[in-house]
Amino acid sequence: MSMSVNGIGNEPINVDAAYTKSPSASAAKPAASTTTTPAKTQTEDKAAVYEPSAKKPVADKNTYTQNTALVNKLKADAEQKNESFRKLVESVISKQGSTYQNADSMWKFLASGKFTVDKETALAAQKEIGEDGYWGVKQTSERIFSFAEALTGGDPDKMEEMRAAFIKGYKQATGTWGKDLPDISSKTYDAVMEKFDNYNKKDEQDSVTKIETEA
């Protein structure tokens, strides 16, 4: 009677045929197996495939865009105020019987202090340069810094360039004035520089926080 069993690969194996070629079961060589090589298990497949660990995504570099709308607004406000100030100065100078050919001579004339103004003009000027006035320390320093920030989009590197440009402009203004600028100007200078310093400190702190977050 022939007997068969299922192999690992589920193909039938004839057990009797494996022993008919030799009278001695101990000397007989088993017939070649017809079973197929078992497929790798899912676990073996996974072990054979190398999968590198996922890398943390690299944070995109910050982009800085100029705030055109704010730049235009600041320019328009400054032009309007400059025109008002120019007319005020022109009024003062004309009343003094003095003339000027350019901005340099106008500023030098003002720096000399050799002029008088009527009460109405003096009050208007005092209001403009007062603590809450457009040309006061607070508003002027905020306007200068806001203009720098709007032009650069807040780019720290370009903000440093703006700081350098501000320092250079202040020195040029001092030269045009003919002597040290008024106290209000030096206070404005200090206020602007303080804003640049605070901005740098904030940027450095933000950078440290970002690095710690990505670590």
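The crossing of α2 and α3 is left-handed. The model under study is a predicted one.

**Exercise 1.** Determine how α2 and α3 are oriented relative to each other, and which residues form their contact.

*Solution.* 
- Step 1. Two packed helices are described by the angle between their axes and the distance between the axes.
- Step 2. For α2 and α3, the axes cross at roughly 65 degrees and come within 12 Å.
- Step 3. Angles of 65 to 115 degrees count as roughly perpendicular, so α2 is roughly perpendicular to α3.
- Step 4. On the α2 side the contact is made by Phe85, Val89, Ile93 and Gln96, and on the α3 side by Met106, Trp107, Phe109 and Leu110.
- Step 5. By class, these contact residues of α2 and α3 comprise seven nonpolar, one polar and no charged.

**Exercise 2.** Characterise the packing of α5 against α6.

*Solution.* 
- Step 1. Helix α5 spans residues 137-152 and helix α6 residues 156-177; their axes lie 9 Å apart at an angle of about 140 degrees.
- Step 2. This angle makes α5 oblique to α6.
- Step 3. The crossing of α5 and α6 is right-handed.
- Step 4. From α5, the residues in contact are Ile144, Phe145, Ala148, Glu149, Leu151 and Thr152; from α6, they are Lys158, Met159, Met162 and Phe166.
- Step 5. The contact of α5 with α6 divides into seven nonpolar, one polar and two charged residues.

**Exercise 3.** What is the volume of the largest pocket, and which residues lie nearest its centre?

*Solution.* 
- Step 1. The volume of the largest pocket is about 1,700 Å³.
- Step 2. Its lining consists of 42 residues, and Phe85, Trp107, Trp135, Thr140 and Ser185 lie nearest the centre.
- Step 3. Two or more lining residues come from each of α2 (68-96), α3 (103-112), α4 (119-129), α5, α6 and α7 (183-214).
- Step 4. The lining is made up of 29 nonpolar, nine polar and four charged residues.
- Step 5. Phe85 and Trp107, listed among the residues nearest the pocket centre, also take part in the contact of α2 with α3.

Definitions and conventions
Residues are numbered from 1 along each chain as its sequence is written. This is a predicted model: local features need pLDDT of at least 70, side-chain atom pairs count only at pLDDT 80 or more; totals for chains, interfaces and linings use all residues. Side-chain values use heavy atoms; hydrogens and water are left out. Axes are lines fitted to C-alpha atoms, for helices over the stretch in contact, and angles run from 0 to 180 degrees between N-to-C directions. Helices (H or I, at least four residues) and strands (E, at least two) are DSSP runs, numbered from the N terminus. Angles under 35 degrees count as roughly parallel, over 145 as roughly antiparallel, 65 to 115 as roughly perpendicular and the rest as oblique. A crossing is left-handed if the near helix is turned anticlockwise from the far one by less than a right angle, and right-handed if clockwise. Contact means heavy atoms within 4.5 Å. Ala, Val, Leu, Ile, Met, Phe, Trp, Tyr, Cys and Pro count as nonpolar, Asp, Glu, Lys and Arg as charged, and the others, Gly among them, as polar. On a 1 Å grid over the protein atoms alone, a cavity is a set of points where a 1.4 Å probe fits but cannot get out, and a pocket is an open set with protein on both sides within 12 Å along at least five of seven lines; lining residues have an atom within 4 Å of a point. Grid points are joined across faces, edges and corners, and a volume is the space filled by probe spheres set on the points.
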